[in-house]
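Hello,

Here is the structure you asked about. Please have a look, then read my notes below.

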Amino acid sequence: VQLQASGGGLVQAGASLRLSCVVLSGRTFNNYAMGWFRQAPGKEREFVAAVNWKGSSTYYSDSVRGRFTISRDNTKNTVYLQMNVLKPEDTAVYYCAADSYGVTTKQTAGDPDEYDYWGQGTLVTVSS
């Protein structure tokens with residue numbers, strides 16, 4: 001299974017970006033729950049957001065809730081992360097991940113061990 005993330009870039013604080021992650025192969029896309037994680041320089045990887053297989057349930061970290069929105073288009077094998085009101089502390093490499101189980105919960109969404117496949121990451125840099 002290949003996940004390809006894109007959409008990162010350099011923006012100023014307060015700006016918006018939309019990340020995309022397309023699943024290029026493997027099982028039918030709507031069998032996967034999808035998540036976004038990020039890793040800032042010198043820090044551990046952290047959970048950002050997740051969505052279940054049909055898009056009916058979403059989960060967010062406290063640091064992004066209200067600013068970021070995760071969504072998916074199962075017809076395009078793609079999951080999105082709309083990021084608004086970006087802050088310098090959002091600077092990180094963002095990774096998308098796929099969970100073969102498909103059903104993610106509040107307890108499991110943020111656990112990277114729940115995810116079976118990872119994309120290569122896309123860099124987001126927010127300047128102050």
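First, a term: a salt bridge is a side-chain nitrogen of Lys or Arg within 4 Å of a carboxyl oxygen of Asp or Glu. Side chains of opposite charge can pair when their charged atoms come close.

Some ground rules. This is a predicted model, in which local features need pLDDT of at least 70 and side-chain atom pairs count only at pLDDT 80 or more, while totals for chains, interfaces and linings use all residues. Residues are numbered from 1 along each chain as its sequence is written, and side-chain values use heavy atoms, with hydrogens and water left out.

Salt bridges

The structure holds four of them. Arg 38 pairs with Glu 46, and their closest N and O atoms are 2.6 Å apart. Burial needs its cut-offs here: buried means under 20% relative accessible area, exposed means over 50%, and partly exposed is in between (1.4 Å probe, protein chains only). Glu 46 is partly exposed, because its relative accessibility is 34%. Arg 38 has 4% relative accessibility, so Arg 38 counts as buried.

Arg 38 also forms a salt bridge with Asp 90, with the closest N and O atoms 2.9 Å apart. Which parts of the chain does this pair tie together? Asp 90 lies in the loop between S8 and strand S9 (92-99), and Arg 38 lies in strand S4 (residues 33-39), so the link joins parts that are 52 residues apart in sequence. Both Asp 90 and Arg 38 are buried. A network of salt bridges links Arg 38, Glu 46, Arg 67 and Asp 90.

Arg 65 and Asp 62 form another salt bridge, the closest N and O atoms being 2.6 Å apart. Arg 65 is partly exposed at a relative accessible area of 47%. Asp 62 is exposed, at 67% relative accessibility.

The sheet

Strands here (E, at least two residues) are DSSP runs, numbered from the N terminus. Two strands pair if DSSP finds at least two bridges between them. Four strands make an open sheet, in the order S1-S3-S8-S7, with antiparallel pairing. Strand S1 (3-6) and strand S7 (68-73) are the edges, and each pairs on one side only. Strand S3 (residues 17-23) and strand S8 (residues 78-83) pair in the antiparallel sense over six bridges. Where in S8 is the bridge partner of Leu 17? The partner is Met 83.

Best wishes
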